[in-house]
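Please look over the model before reading on.

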Amino acid sequence: MTRLFGTNGIRGVVGQDMTAELAVRVGRAIGTHFGSGTVALARDPRLSGPMLARAVAAGLMSSGLEVVDLGMVPTPCAQYYVHTHAGLKGGVVITASHNPREFNGIKALDAQGMEMAREEEEAIEALYFEERYRAADWSGVGDLRSDPGAADAYMRGILSHVDVEAIRKRHLTVVADPANGAGCVTTPYLLRALGCRVLTINGQPDGAFPGRLPEPTVEHLGDLMRMVVEAKADLGVAHDGDADRAIFVDETGAFLYGDKSLALLARSELAAHGGTVVTPVSTSSVLEDVVREAGGHLVRTRVGSPIVARTMLAQGAVFGGEENGGILFPAHQFCRDGGMTLAKMLEVVAKSGESLSKLAASLPQYHLQKQAVEVPIERREATLQGLLGLVKGRKVETIDGVKIYEPDGWVLVRPSGTEPLFRVYAEARTAERAKALAAEGADLVRRAVRG
């Protein structure tokens, strides 16, 4: 059976892999899997969102499910809605998250608001490929209604988990860049509720993403970095298209890599609660150092926020996240949440009395390099096996892809779950050594592809 779901939902180029026909069939399969009841439906502002949302809704209703349309909201907002409404069977979000504008996707949620477990995805895939859909009769077709209150409830949930007064007392100035994405309808208002002076760029929802590409990388955030300095702001925050990630810029205009924000927030959470932290194998050793220093326990997983979330649930973890700015606060909900991450970072800055740059400088210093090497999907498994042969005799870890440890750093090579390429992550104490390790990792991939 061909696999339908990737690392984080179903994604494809609109009009090619991601079509209305596929969306209807996926909706029918998800509806058949749930059996009966009510599901929430949401989307990000991508231009194809209304088309695909209506197609999925038709599929869900045709199988007898009731659909609550939340409209255009951040993915974690939709997840919070499902999480806090006990009667819902689950949800569906139409989003391609950080992918370029021509992509869109379908994410299925369980009754806790978490991304579907792989076993449930496989059950939906079986229904889809075998076309074993439940078809309701004329009197059993589901209905569609709207609930415009999801965003306000989500923001109230975030505010209940931070020290609002401590943040308000600092009168912070924050520049927000929601990337013309779903965060436009929540992040500026959340900041205002926290007493911040708010400036926005790319602050109107627009599925053409005219301001910048949706992924909040250093290459895409030049405008934000400049504006933070010019406005003399305390920090800047950037989201991806569906606002489940948050990346920060300090008051000097410096890009704060996700590993560092993850470590700062882990330090804060462990100081308050102690316990276990969960992160993928791709995360910097800075998190390991911080967790060890705080007396906590670190658990490594394969890459992917659904895997991190389910491991956190199983381990009873107090905190977790990825190096890309996707961070999870289980007291709030078991999914990565850009709005919650922003509020918690403001709390850390406010309570410390320090600048974000000074807080980041207090962390152990590592240098991380990333590359990508194109590898055809059909060559993925052969390439992985070839890599294992090339590194035989070296210290390796195979939780996800191949991670090679050296005395002065490491390099991780793993296949992307959403694109036809292998990602290379390398870390060392110096930038030069990290670059050398990344180059070696990319070369190993090319050699393995050639066989």
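## Second largest pocket

The second largest pocket holds about 1000 Å³ of space. The model is predicted: local features need pLDDT of at least 70, side-chain atom pairs count only at pLDDT 80 or more, and totals for chains, interfaces and linings use all residues. Residues are numbered from 1 along each chain as its sequence is written, and side-chain values use heavy atoms, with hydrogens and water left out.

A pocket here is an open set of points on a 1 Å grid over the protein atoms alone, where a 1.4 Å probe fits, with protein on both sides within 12 Å along at least five of seven lines; lining residues have an atom within 4 Å of a point. Grid points are joined across faces, edges and corners, and the volume is the space filled by probe spheres set on the points.

The lining has 43 residues, and E215, T217, R245, K370 and R423 lie nearest the centre. Elements giving two or more residues are α9 (258-273), α11, β17 (367-374) and β21 (421-428). Helices (H or I, at least four residues) and strands (E, at least two) are DSSP runs, numbered from the N terminus. β17 supplies the largest share, five residues. By class, the lining has 15 nonpolar, 16 polar and twelve charged residues. Nonpolar covers Ala, Val, Leu, Ile, Met, Phe, Trp, Tyr, Cys and Pro; charged covers Asp, Glu, Lys and Arg; the others, Gly among them, are polar.

## Largest pocket

The largest pocket has a volume of about 1200 Å³. It is lined by 40 residues, with R3, G6, T7, R380 and G417 closest to the centre. Two or more residues each come from β1 (10-13), α4 (118-130), α11 (305-315), α14 (380-390) and β20 (409-415). α14 gives the most, five residues. The lining divides into 17 nonpolar, ten polar and 13 charged residues.

Strand β7 spans residues 173-177, and five of its five residues are buried (under 20% relative accessible area, 1.4 Å probe, protein chains only). T173, V175 and D177 point one way; V174 and A176 point the other way.

β7 runs parallel to β8 (residues 197-200), joined by four bridges. Strands pair if DSSP finds at least two bridges between them. T173 has R197 as its bridge partner in β8. Four bridges also join β7 to β9 (residues 235-239), again in parallel. There, D177 is partnered with A238.

β7, helix α7 (residues 187-193) and β8 form a right-handed β-α-β unit: with the strands pointing away from the viewer, the path from the first strand over the helix to the second runs clockwise.

Notes: Buried means under 20% relative accessible area, exposed over 50%, partly exposed in between (1.4 Å probe, protein chains only).
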